[in-house]
Amino acid sequence: MSEALQSLLDLLDLERIEEDIFRGRSRSAVVPRVFGGQVAAQALVAAGRTVPADRHAHSLHAYFLRAGDPGAPIVYTVDRIRDGRSFTTRRVVAVQHGQPIFHLSASFQTYEEGLEHQATMPSAPDPETLPTAAELLPRYADRFSGTDVLERLLETRESVDLRYVDAPPYGTVGEVREPRSQVWFRTNGKLDGAVDQPLLHVVLATYVSDMTLLDSILLAHGRGGWVTGDVVGASLDHAMWFHRPFRADEWLLYDQESPSASGGRGLGQARIYTRDGRLAISVIQEGVVRVPRQGLRR
């Protein structure tokens with residue numbers, strides 16, 4: 001396992017303070033606040049540690065309430081809402097400096113047989129034919145809003161191998177494109193041994209799901225995004241449904257689109273498929289997406 005992947009796993013490994021209270025730390029992100037995918041993933045870890053091992057996460061619904069401070073710990077309090085015969089529900093509140101910054105509800109289910117159908121996986125090139133972050137990102141360094149953005153972006157890609165099928169938003173600034181984006185992703189290293197648990201794969205997918213979901217909004221308007229400074233934004237809410245088992249250390253296709261943007265907000269929706277075509281996850285997120293103007297606040 002790579003040092004970068006181990007560092008990410010350590011980040012997601014919360015400290016238990018009390019029976020249903022956990023503490024997590026943060027690390028710097030591309031933007032000067034806690035990365036939303038990190039908070040969502042850590043909250044899901046907290047919820048999962050209060051659930052029997054035979055019940056697996058099948059959905060989460062979350063709201064981002066305040067920007068997180070990367071220099072301070074985050075305390076996660078779990079409320080055991082329901083323990084039924086088939087389903088278990090947990091509510092998690094993340095707190096910093098005495099204020100809630102994030103709220104998550106997650107549901108877990110025991111395995112059972114049922115009706116089966118799914119949407120067909122869209123076509124996409126093989127991930128190995130696409131450029132890595134180390135190959136792609138330096139091409140656009142002159143478009144980034146700061147001299148350290150490239151370094152920070154590359155750092156976030158050390159633990160996750162994420163490859164764009166087409167140029168990212170910052171690669172075609174000023175060009176209006178179809179509001180759709182595809183990326184392949186997997187962890188940069190295999191997950192094995194004691195860490196190879198079903199919850200970890202779900203948690204890692206949750207972490208990555210917040211990286212690119214709003215890209216399709218930017219494409220529809222020829223905007224480069226937060227890294228170029230031509231929009232400001234933040235995640236507002238996030239929902240995921242986990243349909244079928246998958247591994248986060250094997251290639252997953254993240255097929256994303258935006259059906260709408262209005263009122264300073266944009267909606268992204270996506271499906272995540274395994275390489276052999278199984279629909280693993282559905283994702284929806286709304287975010288603040290604004291053209292920078294003096295005096296506007298979230």
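Ring pairs join Tyr 140, Phe 144 and Tyr 170 into a cluster. The model is a predicted one, and a search of the whole structure finds five aromatic pairs. In one of them, the ring centres of Phe 144 and Tyr 170 lie 5.4 Å apart with their planes at 75°, so the pair is edge-to-face. Phe 144 sits in the loop between α3 (133-136) and α4 (149-156) and Tyr 170 in the loop between β7 (160-164) and β8 (180-187), so the pair ties together parts that are 26 residues apart in sequence.

**Aromatic cluster and nonpolar core**

- Both Phe 144 and Tyr 170 are buried.
- Beyond its neighbours within four places in sequence, Phe 144 is in contact with Leu 137, Val 149, Leu 150, Leu 153, Tyr 170, Val 227 and Thr 228.
- The largest nonpolar core has 68 residues, of which Tyr 76, Phe 102, Phe 144 and Ile 281 touch the most other members.
- In soluble globular proteins, nonpolar side chains tend to be buried together.

- Strand β10 (residues 252-262) and strand β11 (residues 265-274) run antiparallel and are joined by nine bridges.
- Within this pairing, Ser 260 has Leu 267 of β11 as its bridge partner.
- The hairpin of β10 and β11 has two residues between the strands, and Gly 263 adopts a positive phi near 60° there.
- Strand β11 is also joined by nine bridges to strand β12 (residues 279-290), and these two strands run antiparallel.
- Here the bridge partner of Arg 271 is Ser 282 in β12.
- Four residues separate the strands in the hairpin of β11 and β12, where Gly 277 in the turn has a positive phi of about 100°.

**Gln 182 in strand β8**

- Gln 182 lies in strand β8 and has a relative accessible area of 11%; because the limit for a buried residue is under 20%, Gln 182 is buried.
- Not counting residues up to four places away in sequence, Gln 182 touches several stretches of the chain, among them Pro 122, Ser 123 and Ala 124, Arg 163, Tyr 164, Val 165 and Asp 166, and Leu 253, Tyr 254, Asp 255 and Gln 256.
- With Asp 255, the contact includes a polar one between the two side chains, at 2.8 Å.
- The C-alpha atoms of Gln 182 and Ile 272 are separated by 9.8 Å, although the two residues are 90 residues apart along the chain.

**Thr 156 in helix α4**

- Thr 156 belongs to helix α4 and counts as buried at 16% relative accessibility.
- The side chain of Thr 156 makes a polar contact of 2.9 Å with the side chain of Arg 157.

**Overall fold**

- The secondary structure of the protein comprises six helices and twelve strands.
- The protein has a radius of gyration of 19 Å, which agrees with the value near 19 Å for a compact globule with 298 residues.
- The C-alpha trace spans about 55 × 45 × 40 Å along its principal axes.
- Of the 298 residues, 50% count as buried.
- Among contacts with a separation of 6 or more, 72% are between residues 24 or more positions apart.

Note on methods:
Residues numbered from 1 in each chain as written. Predicted model: local features only at pLDDT ≥ 70, side-chain atom pairs only at ≥ 80, totals over all residues. Heavy atoms only, no water. Pairing = 2+ DSSP bridges. Core = buried A, V, L, I, M, F, W, Y, C linked by side-chain atoms within 4.5 Å. Buried < 20%, exposed > 50% of the residue type's maximum accessible area, 1.4 Å probe, protein only. Contact = heavy atoms within 4.5 Å. Phe/Tyr/Trp six-rings, centres within 6.5 Å; stacked < 30°, edge-to-face > 60°. Polar contact = N/O pair within 3.5 Å; in protein donor to acceptor, adjacent residues only side chain to side chain. Rg over C-alpha atoms; globule rule 2.2 N^0.38 Å.
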